[in-house]
Amino acid sequence: MVQAALGGVLAGIGAAVLYVGIGRIAGIGGSIHQVLFGDRSRWRLAFLAGILLAGAIAGWWSPPAHLETDLSAGGIAAAGLISGVGTRLANGCTSGHGLCGIGRLSPRSWVASTLFCVAGIGTTLAVRGVLG
Amino acid sequence: MKSLIAGLAGLLLGGGLAVAGLLEPSAIQGALDPFGAFDPRLYIALICGTTVYGVIRWFARRRGAPGFDTRFHDPTSTVIDRQLVLGSLLFGVAWGLSGFCPGLALGNLGAGGGQALVFLAALVVGMGAVGGLDLESTPQEGASAAGFGLGELAADTITLDRIGGRNGRT
């Protein structure tokens with residue numbers, strides 16, 4: 001629990017560095033989209049590379065126990081597809097709407113983040129209902 | 001310089017996710033399972049992260065401008081439309097199904113996760129499908145499943161983009 005709090009603070013500082021430094025919102029889904037299909041800006045690419053590198057350092061320093069789920073490759077692909085459509089329509093994901101949007105008290109982001117959780121919990125319960 | 005700052009920001013944000021234990025999709029699955037093996041770490045991290053971010057942002061805005069740009073690029077839209085609602089619900093469904101979101105997947109991939117690569121590849125296809133519809137072109141090959149039935153939404157997207165500007169809606 002203490003680690004979750006510390007990690008949250010660190011993530012918040014990371015997002016704040018982007019805002020204080022270059023005035024940008026730390027949206028990861030949006031940055032992936034912009035790098036591939038949009039403005040192709042270098043700062044976004046560097047931002048994404050930083051996250052990837054942090055993951056690599058974490059994997060080397062103290063490897064997470066469960067990097068994968070029980071889901072089949074088809075299930076993961078379906079989830080990725082839905083997530084990609086969703087994050088574009090909503091114009092934000094857990095970082096842009098969740099971390100930054102909640103922090104800057106944006107009504108759109110509060111609605112989006114609440115719906116992320118409502119749909120996520122509903123899906124979890126529905127999957128359990130179907131699979132027993 | 002901008003790229004250097006952005007790289008540092010990504011490193012800190014990704015490091016935060018790792019420290020919080022949020023590179024593991026099982027942590028998200030636990031957070032979205034309040035009646036089962038509930039895992040509160042996501043919410044604890046979010047409360048701490050948003051508070052820190054909100055406070056630093058408030059002080060930064062009082063200074064007037066960011067260190068290495070002429071202005072702050074905040075999203076301007078305040079419209080809560082059905083595109084936001086539908087997109088958020090879809091995003092949540094995928095989150096609940098898999099435990100993956102774009103940020104977690106990217107950090108997870110860095111740590112060596114194989115499923116994250118599949119998730120990210122499909123994510124990009126999904127994004128491309130919406131982008132393709134945005135421009136009133138046919139969805140790209142391989143994206144037809146996601147593109148099916150989204151024509152009506154695409155019309156909304158175009159209208160809103162003209163009003164609000166493409167980057168003004170986080």
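Predicted model: local features only at pLDDT ≥ 70, side-chain atom pairs only at ≥ 80, totals over all residues.
Trainee: How is the size of an interface usually given?

Mentor: The size of an interface is often given as the accessible area lost when the parts come together. Here chain A and chain B bury about 9,000 Å² between them, and carbon and sulfur atoms account for 74% of that area.

Trainee: Which residues of chain A lose the most area to chain B?

Mentor: They are A:Tyr19, A:Leu89 and A:Arg108, which together make up 9% of what that side buries.

Trainee: How many residues of each chain are in contact?

Mentor: Contacts involve 97 residues of chain A and 105 residues of chain B.

Trainee: What polar links are found between the two chains?

Mentor: There are 20 residue pairs in polar contact between chain A and chain B, counting pairs with both residues at pLDDT 80 or more. The rule also finds three salt bridges across this interface. In one salt bridge, B:Asp81 pairs with A:Arg108, with the closest N and O atoms 4.0 Å apart. A:Arg108 is also among the three residues of chain A that lose the most area to chain B.

Trainee: Turning to chain B, how many helices and strands does it have?

Mentor: Chain B has eight helices and zero strands. Along the sequence, the pattern of chain B reads α-α-α-α-α-α-α-α.

Trainee: What should I keep in mind when I look down a helix?

Mentor: An α-helix has 3.6 residues a turn, so residues three or four places apart point the same way. Burial is then read residue by residue. In chain B as a whole, 52% of the 170 residues count as buried.

Trainee: How many residues of helix H5 of chain B are buried?

Mentor: Seven of the nine residues of this helix, which spans residues 102-110, are buried, so helix H5 of chain B is largely enclosed by the rest of the structure. The buried residues in H5(B) are B:Pro102, B:Gly103, B:Leu104, B:Ala105, B:Leu106, B:Gly107 and B:Asn108. Just after H5(B), B:Gly112 has a positive phi of about 110°.

Trainee: How should I read a salt bridge?

Mentor: Side chains of opposite charge can pair when their charged atoms come close. Over all chains, a search of this structure finds eight salt bridges. Take A:Arg44, in helix H3 of chain A. A:Arg44 forms a salt bridge with A:Asp39, the closest N and O atoms lying 3.4 Å apart.

Trainee: Is A:Arg44 buried or exposed?

Mentor: A:Arg44 counts as buried because its relative accessible area is 9%, and buried means under 20%. A:Asp39, at 41% relative accessibility, counts as partly exposed. A:Arg44 also has a side-chain polar contact of 3.4 Å with A:Ser31. Leaving out residues up to four places away in sequence, A:Arg44 touches A:Arg24, A:Ser31, A:Gln34, A:Val35 and A:Asp39.

Trainee: Which parts of chain B does the salt bridge between B:Asp69 and B:Lys2 tie together?

Mentor: The closest N and O atoms of B:Asp69 and B:Lys2 are 3.4 Å apart. B:Asp69 lies in the loop between helix H3 (41-63) and helix H4 (82-98) of chain B, and B:Lys2 in helix H1 (residues 2-19) of chain B, so the pair ties together parts that are 67 residues apart in sequence. B:Asp69 counts as buried at 19% relative accessibility, whereas B:Lys2 counts as partly exposed at 34%.

Trainee: What about B:Arg41 and B:Asp39?

Mentor: These two form a salt bridge with the closest N and O atoms 2.8 Å apart. B:Arg41 is partly exposed, at a relative accessible area of 22%, while B:Asp39 counts as buried at 12% relative accessibility.

Trainee: Which residues are linked in a network of salt bridges?

Mentor: A:Arg104, B:Arg57, B:Arg61 and B:Asp74 are linked in this way.

How values were computed. Residues numbered from 1 in each chain as written. Chains lettered and ligands numbered in written order. Heavy atoms only, no water. Contact = heavy atoms within 4.5 Å. Buried area = accessible area lost by both parts, 1.4 Å probe. Salt bridge = Lys/Arg side-chain N within 4 Å of Asp/Glu carboxyl O. Polar contact = N/O pair within 3.5 Å; in protein donor to acceptor, adjacent residues only side chain to side chain. Helix = DSSP H or I, 4+ residues; strand = E, 2+ residues; numbered from the N terminus. Buried < 20%, exposed > 50% of the residue type's maximum accessible area, 1.4 Å probe, protein only.
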